[in-house]
Amino acid sequence: MTAAPAPLLAARGIGKAFGGVVALADVDFTLQRGEVVALVGENGAGKSTLMKVLAGVHRPDRGEVRLDGAVVDLPDPGSAQRAGIALIPQEPSLCDNLTVAGALFLGGELRRGPWLRDGAMAEQARLWLQRVGLDLAPNQRVAVASPGQRQLLAIARALRLQARVLIFDEPTSSLTAVETQRLFALVRELRAQGTGIVWISHRLGEVREIADRAVGLRDGRNSGELPRERVSHEALVGLMVGRSLATAARVPHEAGAPVLRVRGLRTAAFPRHALDFVVREREVVGIAGLLGAGRTEVLRALFGADRALEGTIEVGGRSLVGHGPAAAAAAGLVLLPEDRQQQGLLLGMSVAANLSLPTLRTRGRWLDRRYERTLADATVRDLQIAARSPEQVAGTLSGGNQQKVVLGKWLAAAPKVLLLDEPTRGVDVGARAEIYARLHALAASGLAVLFVSSDLEEVLALADRTLVLAHGRLAGELDRARMSEESIMMLATAAEVP
């Protein structure tokens, strides 16, 4: 009788601790050729740590990793890549000063003697960019790429390495529905070619769609696995949190007077199209559209992070003309950016310091540490931020708790209008439910909320009304009764008008 072939990848008894904190405890994980395995768990469950062990970023304290049945040593990412394992992280580390082609070929440049073959790399880069559906020129600088474009660029780079094992960590967190479906098609193509794929995602709908099997982690330990036929929302939640998540019936918000009024807004990204809209008290308004439709640009122009070319912005009847972020915040208009790590937090500072930044108080020449601590204690308790103490460094928190810190620092400033760009990007199912409930409560208390999301399920869960952008123009507006994934996509894919 012929023995069954060894798994493509097998991790056995993996243990890893950081400073006495156990991240992984005797975790097992296997991956077959031509298989897509979803790895699910709450933030802090150990998913990213396990994948970093497999990708050579972390060395395990105990356990072994096997490829094709043979034990392998993966002391660094280069070793893992040479073995055929590529990790595409949620926050890709790309060199902003390089061109797109340079980033794709970094570490494997094409050369003729000592000289780089820039033309050949640009030509090959076009093919890899086309394969992932990324509309960037090879000679553009990485610095101009949006988070979604960076994600696709990182995927293209991994494909160029021709890895046998591809690890996707929240790959669709910055992608729209169309880009996500394009990525799914690519994953199915790679699976048919025998590539093993690990898929980490908090979007349980896409796990049901793409995964052959789901493996759960909870508190750094295996919590079970599900074959494809048993994968359901309820079963996945059970693997992740070990309990049911109660969902309260959504109560529509009764909109009040206009708080944010926008007339003739033109952004540098789409100077031909002027936008007009209002957001009212006790209202949650979504902005939907495809990647590159101008959604983030609108929020940044409203907050003053980017200068608008033209138009008027009023907050509570007060006009903001040529304003910057400080003037916007003083008027009661605040922004939670899409890239919380680069634009929303000072990762090397404490939770308490981050929470007090917009509302700093002093005693003479010194910071009022008593105010900072009181504010931090109250916010950590109110938003249920999972931190060892308010002095914990913000960069060591999970993604969901980092997002709560960004939200908490602005709530301390008592805003009138809350702008959010991808509010639950990379946030687990439990923290996502908490953020939804918090936003609904804020709206009910009188706040006006305007948010951008690439997740149409999220738009339907949060929005009382949705503005749909296509090619920088307002393609349409949908009230609650007319909102559906189909109606949003019909407007989002509308042809550009001259």
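Modeller: Gladly! A term to begin with: two strands count as paired if DSSP finds at least two bridges between them. Keep in mind, too, that this is a predicted model.

Biologist: Which strand do five bridges join to β9, and do the two run parallel or antiparallel?
Modeller: Two bridges would be enough for a pair. Here, five bridges link β9 to residues 196-200, and the two strands run parallel. Within this pairing, F168 has W199 as its bridge partner. From β9 the chain passes through helix α6 (residues 177-192) in a right-handed β-α-β crossover, and the strand it reaches is β10.

Biologist: What stands opposite I167 on the β6 side?
Modeller: Strand β6 (residues 85-88) is joined to β9 by four bridges, and these two run parallel. The residue standing opposite I167 is L87.

Biologist: Why is β9 largely enclosed by the rest of the structure?
Modeller: In a regular strand, side chains alternate between the two faces of the sheet. On one side of β9, V165, I167 and D169 are buried, and on the other L166 and F168 are buried. The strand is largely enclosed because its buried residues number five of five.

Biologist: What span does helix α15 reach from its first C-alpha to its last?
Modeller: Helix α15 covers residues 429-444, which is 16 residues. At 1.5 Å a residue, 22 Å is expected, and the model comes close to that with 23 Å.

Biologist: Which residue just after α15 takes a positive phi?
Modeller: Inside α15, the buried residues include Y436, L439 and A443. Just past the helix, a phi of about 120 degrees belongs to G446.

Notes. Residues are numbered from 1 along each chain as its sequence is written. This is a predicted model: local features need pLDDT of at least 70, side-chain atom pairs count only at pLDDT 80 or more; totals for chains, interfaces and linings use all residues. Side-chain values use heavy atoms; hydrogens and water are left out. Buried means under 20% relative accessible area, exposed over 50%, partly exposed in between (1.4 Å probe, protein chains only). A crossover is right-handed if, with the strands pointing away from the viewer, the path from the first strand over the helix to the second runs clockwise. The expected span of a helix is 1.5 Å times one less than its number of residues.
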